[in-house]
Amino acid sequence: MPNTAAVNLYDLSLPALTELLAAWGQPAFRARQVWEWLYRHFVADTAAMTNLPAALRQRLAAETTLPIGEIVLRQDSRDGQTTKVLFRLPDGQFIETVLMAYEKRRTLCISTQAGCAMGCVFCATGQMGFMRHLTVGEIVGQVMFFARQLAARGEHVTNIVMMGMGEPLHNYEATMAALDTVMDHRGLAIGPRFITLSTVGVVPGIRRLTAERRPVRLAVSLHGATDEERARLVPPARRWPLGELMAACRDYTTTLGRRIFFEWTLIDGQNDGPAQAHALGRLLAGMDAHVNLIPLNPTLGYDGRPTAGAAARAFQAVLAEYGLPSTVRQRRGIDVAAGCGQLAAAR
Ligand code: SAH
Ligand code: SF4
């Protein structure tokens, strides 16, 4: 019988873990030892924490868990560079996590919600609707699943992108707590420069992460450079119009002195013409910005086509006239539906 009252250790910050163990009469250094077993040695079982007193190990075994979700399906792309895992959570919800192994990088694309409430028309997650927020432990657990797998072959997670299922700034607290855990220098120690949070443009969330000086890189999904064009693809554009969104983005770059990334899904005949490229150029001119262009990936609920290479290059050339650097994101993992916006976990 699983112990449902048990504490998920992946839910806890180091101070919270210290507090829990203090309540059990343990000195602070014990919490630090447990933390290192979790995030330096990736143990899957508290019994393996061999430098702890036996009584403490027994209590941890009885009252805590280290769940990573039940693995329902694992798919590897034909080129072997992308792995997608489908997890079933204890309440029956499904989420997907993707590992991309390109050259020396080991990038994890993690989910922050089961489903998504934002309803972007071309996104498989948006098409399925919102189920629920993930807990801190469920977000950290995705990282730990792959951290363990990589460690077994002498590798480690180098980058994290919060671009899986869900809108991270709609689940702000849990997302930030999970990031604090994976960035902690006594544990996984993934540097903030190697973590990118992508948002559909939740203005209060952008304002808050700016005020809190969250160190991660920020990417904002635009897809349209006027409110009308954007709202056709991204319904939240009605709630947070471009005027407000761009003001929040400018504050972010000037307050924190950081570059900001913008994402633009290129859809043939929809938002990929020279007029749209000029509108985007005018919107971003003068900002310390980089544009990531993502040729549309296929999803069941939307029948648009991706922009072809030549048109994508023409779009980039227009952006360059405004001094805006851009890259066209490589399409990978499409054969296992692990590309941007393809995570749906529909079973
Ligand atoms: N909710 C966040 C992060 C997840 S999606 C956000 O929307 O930013 C990561 C990126 O993939 C976003 O820019 C999103 O708009 C884009 N995307 C969604 N569906 C896509 C699709 N079918 N093809 C290409 N990109 C897509
Ligand atoms: Fe949600 Fe992002 Fe998909 Fe939009 S693109 S539905 S915000 S996951």
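The shell around ligand 2 comprises five nonpolar, three polar and one charged residue, where Ala, Val, Leu, Ile, Met, Phe, Trp, Tyr, Cys and Pro count as nonpolar, Asp, Glu, Lys and Arg as charged, and the others, Gly among them, as polar. The structure is a predicted model, in which local features need pLDDT of at least 70 and side-chain atom pairs pLDDT 80 or more, whereas totals for chains, interfaces and linings use all residues. Residues are numbered from 1 along each chain as its sequence is written, ligands are numbered from 1 in the order in which they are written, and side-chain values use heavy atoms, without hydrogens and water.

Ligand 2 is surrounded by C116, M118, G119, C120, C123, G126, G166, E167 and V200 (a heavy atom within 4 Å). Ligand 2 sits in the largest cavity, a cavity being a set of points on a 1 Å grid over the protein atoms alone where a 1.4 Å probe fits but cannot get out; to sit there, more than half of the atoms of a molecule must lie within 2 Å of the grid points.

The space taken by ligand 1 is likewise the largest cavity. Around ligand 1 there are 20 residues, of which F122, S198, S221, H223 and N297 are the closest. Eight residues of this shell are nonpolar, 10 polar and two charged. Polar contacts (N or O atoms within 3.5 Å) include a polar side-chain atom of S221 at 2.6 Å from an oxygen atom of ligand 1. Polar backbone atoms of F122 lie 2.8 Å from a nitrogen atom of ligand 1, and for N297 the corresponding distance is 2.9 Å. Taken alone, ligand 1 exposes 530 Å², 96% of which the protein buries (Shrake-Rupley method, 1.4 Å probe).

Six aromatic pairs are found in the whole structure (ring centres within 6.5 Å). The ring centres of F87 and F145 are 5.2 Å apart with planes at 85°, so this pair is edge-to-face (over 60 degrees).

Conventions. A polar contact is a pair of N or O atoms within 3.5 Å; within protein, one must be able to donate a hydrogen and the other to accept it, and residues adjacent in sequence count only if both atoms are side-chain atoms. On a 1 Å grid over the protein atoms alone, a cavity is a set of points where a 1.4 Å probe fits but cannot get out, and a pocket is an open set with protein on both sides within 12 Å along at least five of seven lines; lining residues have an atom within 4 Å of a point. Rings of Phe, Tyr and Trp (its six-membered ring) pair if their centres lie within 6.5 Å; planes under 30 degrees apart count as stacked, over 60 as edge-to-face and the rest as tilted.
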